[in-house]
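Let's take a walk through this model together, starting where two chains meet. Keep the viewer open as you read.

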Amino acid sequence: MGTLDWVVLILTQLLIVGYGLWKSQGSKNMQAYLLGNREMTWFTIGLSIMATQASAITFLSAPGLGYDDGMRFVQFYFGLPLAMVIISAVIVPIYRRLNVYTAYEYLEKRFDLRTRAFAAFLFLLQRGLAAGFTIFAPSLILSALLGWNIYWTNFFTGLVVIIYTVSGGTKAVSQTQKVQMVIILLGMVVAGYMVVNGLPKEVSFNDALHLAGKMGKLNVVDFEVDLTTKYNFWSGIIGGFFLALSYFGTDQSQVQRYLGGQSAAQSRLGLLFNGMIKIPMQFAILFIGAMMFVFYMFQAPPISFKRNLVENTRNSAYKQEFKALEQAYDKNSADKKAYALAMVKARKEKNYDAEQAAVAGLRASEKKAKEIKGKANAVMVKADNTADTRDINYIFISYVMKYLPLGLVGLLVSVIISASMSSTASELNALASTTVIDIYKRMIKPEASDQHYLRMSKVLTIGWGLYAIVLSMFANRLGALIEAVNLIGSLVYGTILGIFLVAFFLKKVGSKEVFIAAVFSELLVIYCHTSQYINAFFAAKGVDVGWFFPNINIPFLWYNVIGCLPLIFVAWLLHQSKFFKK
Amino acid sequence: MTNQETPQEEQINTEEDEKIGLPSIFKNWTQMYVFVLGELALLICLFYIFTKLFE
């Protein structure tokens, strides 16, 4: 990064934090600190919700997904607008009427303390683990590409978040997120323009669309009914709906954003704004990735976007083998460029046969590129057996570093840091709120002054922040834990949602029924996840148990449905039984 | 313990909120929700055409 990049980076970060602190002056009591005095407008709520959901990894990996897998990931968000409507119509009025600080308070009013504590505990467990990785993941990528010390990157990112979250509470988080989201969107628009503008003169935007489309990168919608496909219309609209309903309706890091609205109407409008903007925004980010794929048809891409792994292998005992693969990859890239230019020329001349031949050549060279890359990855692992060769998260930032001019690099790095800080701030804010309201105030010290709870909220925000920083320092030694964090989320979200939906819609069902149903559905979800391991375990011993333990291999999005619907059904069934009617 | 709130109370609060912040182009919240879901349907149709056009 040049001096101008540093100036842009520091100025944008100072602007963001300064604005947040200035707008949040006067958070002198619990209501102001945890709910922002209920002064938030729909616009602030909407951007804050979007900024909370979109972590730095979203902006790093989504263009990479567009580059590698095309645009079908956008279907993941199809259920979101539907969930926003349900939350606005049903959940917001209930939370507002009961005047709650956290979503889990409602569960005690509706069921009992046990159910409230259970849900709050699951939230603290899951978000507490995730907070460290929200800081760590972008730091890892920035440090690898910019040569920054990962520990100092973690520390400074975490420290800045702690300072403004502790100083201004929810209001500072939401106001800061508003500016962060504006800078993030500005950065992505600039990046998208630069990618398209970087195409050769003879390649028009329409040509680029055809090139991307013919290579299967503009595969936005797939209506095929296939439970094993991770992203299609059905998994997006059904699984995505349940996931969004659970995340936005019951996860305190999101609920806290709209509890601070001036009125239920402002909260609803903020949610609906998110429902209308999220899909076009995600489409645009994935589209940048698809256009980057076209860009790299004309500019030879590196064999891996993980520069440090490439350098390590070039200096290892396998350098000759790796060099040969790099040369083969470069030659294949030159062939791909020739086919791409031939296709553009054929299109201009309306020569259909020549166009088809060029497309066939392009597809063959893409297939060959993947083969060579696979071999190169194997060599990189031979050179360093701890190497993780997946480079999707590095594609976008590598492009930024290599092809964007001075100043814009600083802006895009600022975008990534902003996205990391905005998600972390919401997490710390929500973790502190839940610990104070659902644990400390409810179970440990119920009769204290408002000022005491305010001080505790600030102390706990610092505590959770320091914990997140410490966890981020050890995160690279706990690689498998990242998967565990994602797994815990997908395993519990459906059950939590089921409990809330029973609370909202089955007004006569009591706490005992819902607790038994929750245990049942949680075991069902765990079985769905582990059935393949159970079968594999017994198969290794030569025993086929498939007749008793059927192997259920479905993508994790469906866990949200499996955790939720059986819970509702079992709770209703138990309520109908004579035993519970007594 | 079961929920003590009645659907009637919920309705009263919702009506009060409607007066405060509903955009003037909509008569009630249902119209606003239909608008949001309509946009979703339109986006899916446009995405489908986009996919087929460049396939």
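Between chain A and chain B, the number of salt bridges is zero. Keep in mind that this is a predicted model, and that a salt bridge here requires a side-chain nitrogen of Lys or Arg within 4 Å of a carboxyl oxygen of Asp or Glu. Polar contacts do cross between chain A and chain B: four residue pairs are counted, with both residues at pLDDT 80 or more.

Sorted by class, the side of chain A that touches chain B holds 26 nonpolar, eight polar and seven charged residues.

Now for the extent of the contact. Chain A contributes 41 residues and chain B contributes 28 residues. Together, chain A and chain B bury about 3,200 Å², and carbon and sulfur atoms give 71% of that area. On the chain A side, the residues that lose the most area to chain B are A:Arg97, A:Arg268 and A:Met276, which together make up 20% of what that side buries.

A nonpolar patch of about 740 Å² is formed by A:Phe223, A:Val225, A:Trp234 and A:Ile238 along with B:Leu42, B:Leu46, B:Tyr48 and B:Ile49. At least two residues of the patch come from each of helix 10 (233–250) of chain A and helix 2 (29–53) of chain B. Which helix gives the most to the patch? Helix 2 of chain B does, with four residues; B:Leu42 lies in this helix.

Back in chain A, have a look at A:Leu227, which sits in the loop between helix 9 and helix 10. Setting aside neighbours within four places in sequence, A:Leu227 is in contact with A:Ile554, A:Pro555 and A:Trp558. A:Leu227 and A:Pro555 are 328 residues apart in sequence, yet their C-alpha atoms are 7.5 Å apart in space.

Finally, a word on charge. Side chains of opposite charge can pair when their charged atoms come close. Over all chains, 19 salt bridges are counted. One to display is the salt bridge between A:Glu326 and A:Arg314, whose closest N and O atoms are 2.8 Å apart.

Key. Residues numbered from 1 in each chain as written. Chains lettered and ligands numbered in written order. Predicted model: local features only at pLDDT ≥ 70, side-chain atom pairs only at ≥ 80, totals over all residues. Heavy atoms only, no water. Patch = residues over 30% accessible without salt bridge, like charges linked within 9 Å, V, L, I, M, F, W, Y side chains within 5 Å. Areas by Shrake-Rupley, 256 points an atom, 1.4 Å probe, with all protein chains shown as cover. Contact = heavy atoms within 4.5 Å. Buried area = accessible area lost by both parts, 1.4 Å probe. Polar contact = N/O pair within 3.5 Å; in protein donor to acceptor, adjacent residues only side chain to side chain. Nonpolar A, V, L, I, M, F, W, Y, C, P; charged D, E, K, R; others polar.
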